[in-house]
Amino acid sequence: MEPGAWGNKTVVTEFILLGLTKNIELQSILFAIFLFAYVITVGGNLSILAAIFVEPKLHTPMYYFLGNLSLLDIGCITVTIPPMLACLLTHQCRVPYAACISQLFFFHLLAGVDCHLLTAMAYDRYLAICQPLTYSIRMSRDVQGALVAVCCSISFINALTHTVAVSVLDFCGPNVVNHFYCDLPPLFQLSCSSIHLNGQLLFVGATFMGVVPMVFISVSYAHVAAAVLRICSAEGRKKAFSTCGSHLTVVCIFYGTGFFSYMRLGSVSASDKDKGIGILNTVISPMLNPLIYSLRNPDVQGALKRLLTGKRPPE
């Protein structure tokens with residue numbers, strides 16, 4: 001902290017992240033665990049991307065969105081975990097103010113795109129199952145690109161709004177953040193100016209980035225469930241549900257952890273429970289996504305096997 005321009009007022013120039021533990025021996029163990037998780041997550045998502053790229057059977061809208069989701073998962077975990085690994089390695093975590101604000105922006109940007117991309121994937125399943133005759137027209141390449149662009153634009157506006165709102169707050173000290181990455185609630189706790197507007201923006205952001213997409217996903221799958229139940233063949237119902245099962249599992253994991261993190265607006269105090277939820281958001285969810293989609297999907301399994309063995313896909 002440095003003296004400011006007004007008397008004895010101090011201005012925070014860096015934050016100290018407490019991380020997950022102060023125990024030096026435990027930090028070494030956590031470093032190995034999270035390094036392994038990072039490598040597995042990046043490797044798994046890159047494998048999904050490679051399988052989608054080389055397998056003609058996977059050149060469909062559903063896998064186009066899945067490929068984008070894999071890119072986002074790589075981005076989300078890269079924004080948070082490598083800096084945490086550096087802190088665990090050096091046994092200290094001093095983050096410059098600008099780096100902290102940048103991490104906050106990119107995390108909310110990527111996580112926000114994730115929210116709306118899951119919504120686009122639910123819409124894709126709705127069109128595929130409920131409107132099969134017009135599916136190829138309604139989900140053309142132009143529509144796919146437009147949906148991804150809209151997801152990115154909404155998330156960019158949300159992330160930029162929160163980042164600007166945090167950057168105008170006064171941080172006079174203390175500068176110790178009880179978390180392993182820079183996020184809104186723990187930073188709010190350290191501000192020496194009013195966070196009333198930030199709380200309102202967080203509520204509005206949680207509504208547009210969490211509640212509204214969840215409503216759209218629920219409505220889409222209500223229509224999908226109704227359409228599937230009208231299918232006479234048990235095999236047909238099983239096939240229709242199998243294309244939705246992986247996506248629903250990812251939605252439950254992603255939104256379940258997200259709501260715990262950001263819907264507790266009555267309390268901005270950080271705690272060890274928040275760190276656990278943060279691990280679910282930043283590590284577990286991105287790591288599980290490629291496993292969920294590969295384990296439940298024979299097309300992806302076949303593409304990955306051909307990719308690993310070097311066999312060419314069938315014409």
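Trainee: Where does α2 bend, and by about how many degrees?
Mentor: Look at T78: α2 bends there by about 35 degrees. Keep in mind that this is a predicted model.

Trainee: Okay, and which proline follows within four residues of the bend?
Mentor: That's P82.

Trainee: How many residues does α2 have, and what's its reach from first C-alpha to last?
Mentor: α2 covers residues 61-90, which is 30 residues. From its first C-alpha to its last it reaches 44 Å, close to the 44 Å expected at 1.5 Å a residue.

Trainee: How do α2 and α5 pack, I mean at what angle?
Mentor: At an angle of about 30 degrees, with their axes 11 Å apart. That makes α2 roughly parallel to α5, because angles under 35 degrees count that way.

Trainee: Is that crossing left-handed or right-handed?
Mentor: Right-handed, for α2 and α5.

Trainee: New topic. Which residues does the UniProt "transmembrane region" annotation cover?
Mentor: The UniProt record, an unreviewed entry, puts that annotation on several stretches, including 65-85, 143-161 and 201-229.

Trainee: Take residues 143-161, what's the helix percentage there?
Mentor: In the model, that span is 100% helix and 0% strand. The end C-alpha atoms of residues 143-161 lie 27 Å apart.

Trainee: And how far apart are the end C-alpha atoms of residues 201-229?
Mentor: They lie 41 Å apart, and residues 201-229 are likewise 100% helix, with 0% strand.

Trainee: Last one: I've clicked on I40. Which helix is it in?
Mentor: I40 sits in helix α1, residues 24-54.

Trainee: What's the relative accessible area of I40?
Mentor: It's 36%, so I40 counts as partly exposed. Find P290 too: it is 250 residues from I40 along the chain, yet their C-alpha atoms are separated by 9.8 Å.

Key
Residues are numbered from 1 along each chain as its sequence is written. This is a predicted model: local features need pLDDT of at least 70, side-chain atom pairs count only at pLDDT 80 or more; totals for chains, interfaces and linings use all residues. Side-chain values use heavy atoms; hydrogens and water are left out. Helices (H or I, at least four residues) and strands (E, at least two) are DSSP runs, numbered from the N terminus. The expected span of a helix is 1.5 Å times one less than its number of residues. The bend at a residue is the angle between axes fitted to the seven residues ending there and the seven starting there. UniProt positions are given in the numbering used here, feature names are shortened, and annotations may be inferred rather than shown by experiment. Buried means under 20% relative accessible area, exposed over 50%, partly exposed in between (1.4 Å probe, protein chains only). Axes are lines fitted to C-alpha atoms, for helices over the stretch in contact, and angles run from 0 to 180 degrees between N-to-C directions. Angles under 35 degrees count as roughly parallel, over 145 as roughly antiparallel, 65 to 115 as roughly perpendicular and the rest as oblique. A crossing is left-handed if the near helix is turned anticlockwise from the far one by less than a right angle, and right-handed if clockwise.
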